[in-house]
Amino acid sequence: MTYPLLYEINTRCWLRELSETHATAVTLANVPACEFAAWRHLGFTHIWLMGVWENGPLAREFSRRNAAMRAAWAATLPDLREEDIAGSPYAIAGYNVADALGGETALREFRERLAAHGLKLILDFIPNHCGLDHPWLNEWPELFVQSRSRAAGTFQRQTSRGPRRIAHGKDPYFPPWADTAQLDYRNTATRAAMIAELQSVARLCDGVRCDMAMLALNEVFARNWAAFPCEHATPMTEFWAEAIPAARQAAPGFLFVAEVYWDMEERLQSLGFDFTYDKRVLDHLMEGRPRELTRRLRDVTPEFLRASVHFLENHDEPRVASRLSPAEHRAAALLTLGLPGMRLLHEGQLTGASQPASVHLARRPREAPQREAGALYESLLAALAATAVGRGRGELLQTLPAWDGNPTAENIVVVQWQSAAPEFDLVVVNLAPHPGQCIARLEIAGVRQHAWRFTDLIGEETFIRRGDELDQRGLHLDLPAHAARLFRCQPAG
């Protein structure tokens, strides 16, 4: 199996910077060839263009008059200008490619060029809500959650059906998103309309990253909107159980990636998602909880792990370079790239960017590339390309105490990868800020038949172990703090 290596790009900011660099207007139709070559060189399989859909004047106006957000943006972009504030790409007016990016024709040309380089395209699908500029608010207000009277988190809109009070979209644990309108998944007409939208998106790309995908689950929706009236009988089936097969009927092999939290990942996997966020891995890494992380990896099933998305940052998270030391960053990067599942890297992560970049803006702070971060990812990705990591059978190995009373094995993760016998590869990470030791039990058929040479492809360590020793006792590892090892394991002769 080949696991995707996904690269997330902030499309509006990226094209703006390319235009400045090349002193010409760059849209999706004329992206310089060097960009495609670089992605191919680094080993990416999928490119996620975040934020290609049009929003509208109401979305932009909301962002421009939000004093709290403007103050936060000005802290990292002191020369912030009105035209820099483009509005949220998640408050869309429809699934139409923004004219400023080149429109649909430009997107199709971009996708063709990706395909010529062996790359696939991922776009956003936003199931929970629309932006305030969406034409459905006027034409079909019944598709939205409504209130019969003034209520917190709602807004008044004059529609073709008369005045309506419509709810803003929301996550139950946070204030409403006041630049959005909440779609009503208790209405079969809403579901049909969104499935049609999804099918139209599927004609433009190879997969979708579904924003806050768990909010469309029946139980979540019912709980979130229990205080609002519903004139429809809620369908018994889940929206995703209808939508995913419908999209794949139009586009066989179409990839579904879910942004999901609250331990609902496995539920969405069961409904057909290929990959779901596993943010607990990120949280344990960033909060310095190695034992909780290794316990998490041990407790989930291999099937769950293989269907998870592992990452250190994305457009919703702080920059990893601002959170971890270089040694911690190196270990965490190898871990997220070395686990079975989808691997997600974020634009700016590979150059050590440390400043946040709001999705509401079409311009972000320009940061000089950090040499250490660039060297880290260049070496990691080049080394991984020479192994079975992400392309073979990946298994999380059992790590045992190196001796009685030594608990440090609980901080160590070892992942074994093999695509063609007898060679195999090991991703080895010590997540603790102190040395650790363990015994790793290898799962290699015929390990006794050879002596084995272990060569660290991202370091200088090389050693040989007898096959009978590995079979009987396992592989003894003695690792410094925040160690990151990528061993190519081959018969020694």
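Predicted model: local features only at pLDDT ≥ 70, side-chain atom pairs only at ≥ 80, totals over all residues.
View 1. Thr408 sits in the loop that links strand 15 (399-400) to strand 16 (412-418). Its relative accessible area is 11%, so Thr408 counts as buried. Look for the side chain of Asn406: the side chain of Thr408 makes a polar contact with it at 2.7 Å. Leaving out residues up to four places away in sequence, Thr408 touches His434, Pro435, Gly436 and Gln437.

**View 2. A cis peptide bond between Ala421 and Pro422.** Going from Ala421 to Pro422, omega is near 5 degrees, and the bond is cis. Where does Pro422 sit? Pro422 belongs to the loop between strand 16 and strand 17 (424-430).

**View 3. Cys210, a cysteine without a disulfide partner.** How many disulfides does the structure hold? The count is zero. Cys210 is in no disulfide, and the nearest cysteine sulfur, which belongs to Cys205, is 9.8 Å away. Is Cys210 buried or exposed? Cys210 has 0% relative accessibility, so it counts as buried.

**View 4. Cys438 and the closest cysteine sulfur.**

**View 5. Met212, with a positive phi.** Met212 is not a glycine, yet its phi is positive, at about 45 degrees. You'll find Met212 in the loop between strand 9 (207-210) and helix 8 (218-224). Met212 has a relative accessibility of 8% and therefore counts as buried.

**View 6. His482, with a positive phi.** Here phi is near 50 degrees, a positive value, and the residue is again something other than glycine. His482 is in the loop between strand 21 (475-479) and strand 22 (484-491). Is His482 buried or exposed? With a relative accessibility of 16%, His482 counts as buried, because the cut-off for that label is under 20%.

**View 7. Helix 14 packed against helix 15.** Helix 14 (residues 326-338) and helix 15 (residues 371-385) have axes that come within 11 Å and cross at roughly 30 degrees. The two helices are therefore roughly parallel to each other, since angles under 35 degrees get that label. Helix 14 passes helix 15 in a right-handed crossing. On the helix 14 side, the contact is made by Pro326, His329, Arg330, Ala333, Leu334 and Leu337. Helix 15 brings Glu372, Leu376, Tyr377, Leu380, Leu381 and Leu384.

**View 8. Helix 2 packed against helix 5.** For this pair, helix 2 (residues 33-42) and helix 5 (residues 103-116), the axes are 10 Å apart and the packing angle is about 45 degrees. Helix 2 and helix 5 are therefore oblique to each other. What is the handedness of the crossing of helix 2 and helix 5? This crossing is right-handed. Which residues make the contact? Helix 2 supplies Ala33, Phe36 and Trp39, while helix 5 supplies Phe110, Arg113 and Leu114.

Notes. Residues numbered from 1 in each chain as written. Heavy atoms only, no water. Helix = DSSP H or I, 4+ residues; strand = E, 2+ residues; numbered from the N terminus. Buried < 20%, exposed > 50% of the residue type's maximum accessible area, 1.4 Å probe, protein only. Polar contact = N/O pair within 3.5 Å; in protein donor to acceptor, adjacent residues only side chain to side chain. Contact = heavy atoms within 4.5 Å. Disulfide = S-S within 2.5 Å. Axes fitted to C-alpha atoms, helices over the stretch in contact; angles between N-to-C directions. Parallel < 35°, antiparallel > 145°, perpendicular 65-115°, else oblique. Left-handed = near helix turned anticlockwise from the far one by under 90°.
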